[in-house]
Amino acid sequence: MESNLFLYNTLSRTKEQFEPINPPFAGMYVCGPTVYGDPHLGHARPAITFDLVFRYLLHLGYKVRYVRNITDVGHLVADLDEGEDKIAVKARIEQLEPMEIAQYYADRYFIFMDTLNVKRPSIEPRASGHMIEQILMVKKILDAGFGYEVNGSVYFDVEKYSKSYNYGKLSGRVLDDLISNTRSLEGQDEKQHPADFALWKKAQPEHIMRWPSPWGDGFPGWHLECSAMSTKYLGEYFDIHGGGMDLLFPHHESEIAQCQAAIGHESVKYWMHNNMITINGQKMGKSLGNFITLEEFFTGTHASLQQAYSPMTIRFFILQAHYRSTVDFSNEALQAAEKGLKKLLAGYETLCKLAGNPHPQPLPQGGGETSTPLPEEEGRIEVIQQGCYAAMNDDFNSPIVIANLFEGVRLINSAADKKLTMSAQELALLKKIFDLFLFDILGLKDEKSNDKGELLDGLMQLVLALRQKSRETKDWGTSDQIRDALQKLQITVKDGKDGSVWNIE
RNA sequence: GGUUUCGUGGCCGAGUGGCUAGGCAGCGGUCUGCAAAACCGUCCACAGCGGUUCGACUCCGCUCGAAACCUCCA
């Protein structure tokens, strides 16, 4: 399978040609959510980024297995100092089983990702369901001599590891710097070296989430689940591992070390990282008062939001930036995105009419042949198509894809205005491009109800016919009254040369 | 302080050693009963200071500024 797809590998810090290990198969593992809180903007970006990758790989014909984990074990609440399990803390507060909470927020995550039109991965394994695999991996690392046990906990020996391998190759860190920059906490330090990390952690009595192990009751270290589950479902060497840039260190760095130690070689060919999100130029944080959940975005119920923003507006906005750039959310920017998306989708509707597709409304009759079309540029539609492919092949450059689609919209609208003509072949190809890139690959969709129904359609035809009569008699009062009343029902009427068209907002 | 990623016009956001990004907003036209939409034209850039070069927004260095990570835990 030949493709010209290039993607940016964080490991090499260059764009590399994508050559899967076992074509036509492609394996991708992406770090999923920790399910202890409601899904927010920070969840949307990686989900949409790797959804784009997933969709494009599928389009190129790869047989993709996309694995995204659900982390439902052993997390601390960031604001707490005591070192309690995140989920355990929540459970005590809300008097629920920890797994009940994990289930609740996992379900919420699934629902909101569905709303964002993020395709479900092939497998969504849970850390809690892979204790045996994780324990086995700890054993392997111990057997290989890269781990040590202290008081029922097992730690990874980074110092020893870095004598043979480069711990820090992914994030650019140097071990000596890590030492000098690590403030050693007094007392409870079981670790031999400040940079060592936990493979298995002994559960204190108050820990509700615990599992038996050869080292006593406890829970797996953070980095372990991803190594264990990616190996289980994608093999000891697979194509793409993705996640947010915030996970670069120590999470992904440690995953590399774990796999190297347990398996004897690295397990990932391409590392991909999406950049972070800011709100009005600031990071999103609970303490800053700009922590906005997806539900709040969709309903507009947050003090800093001027209005509700639909899932597709959020998706489009995220795709308007390249995934390796930071993206800054603001009301002004989101409103611009909302309008831009609307224009794109309206352009597609016009295209369908021009292309003779009855969906969603018939083209108003009439229109003369007297227009003087602009001279046709040879292959102007092909240029758009090639532009879209070139953009996707260049490290999934969705903003360029979108720019190309807007060029298509310009042609469509000009054709509708009879400023230029497009052949049936051109229209058909353009429709194909929109169907593929706008809907299948970018994963956008029209959110307004297209299922207008025969009854509504008939009623609207009647209403518009009556309004047309009043317009012909220049009864503007009646005409405007009808239009205003319809607008209140979210139905927009636009008067064109060839009659009026209507849309549900 | 270290590592990483950045700093583009009113806002968001691509890209490139010399050649148009794109969207939103603004301005001027066309169309229109009005409105909306659409079309055409147009203004506003490349954080700052040096250096390399025939030429830099694009390469190099420094300064300033922003974000993520650098502790136990995921």
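Which residues form one aromatic cluster? In this predicted model, where local features need pLDDT of at least 70 and side-chain atom pairs count only at pLDDT 80 or more, while totals for chains, interfaces and linings use all residues, the cluster is formed by Phe146, Phe156, Tyr161, Tyr165, Tyr167, Phe197 and Phe249. Residues are numbered from 1 along each chain as its sequence is written, and side-chain values use heavy atoms, with hydrogens and water left out.

The structure holds 22 aromatic pairs, where rings of Phe, Tyr and Trp (its six-membered ring) pair if their centres lie within 6.5 Å, and planes under 30 degrees apart count as stacked, over 60 as edge-to-face and the rest as tilted. The ring centres of Tyr161 and Tyr167 are 6.4 Å apart and their planes stand at 90°, so this pair is edge-to-face. Both Tyr161 and Tyr167 are buried, a word that means under 20% relative accessible area, with a 1.4 Å probe and protein chains only.

Rings can also meet charges: the charged end of Arg324 sits over the ring of Tyr8, 3.9 Å from its centre, and also over the ring of Tyr323, 6.0 Å from its centre. Here "over" requires CZ of Arg, or NZ of Lys, to be within 6 Å of the ring centre and within 35 degrees of the ring normal.

An open sheet of three strands has the order β12-β11-β13, with mixed pairing, and its edge strands, β12 (282–283) and β13 (327–329), each pair on one side only. Strand β11 (residues 277–279) runs antiparallel to β12 and is joined to it by two bridges; Ile279 has Gln282 in β12 as its bridge partner.

Notes: Chains lettered and ligands numbered in written order. Pairing = 2+ DSSP bridges. Helix = DSSP H or I, 4+ residues; strand = E, 2+ residues; numbered from the N terminus. Buried < 20%, exposed > 50% of the residue type's maximum accessible area, 1.4 Å probe, protein only.
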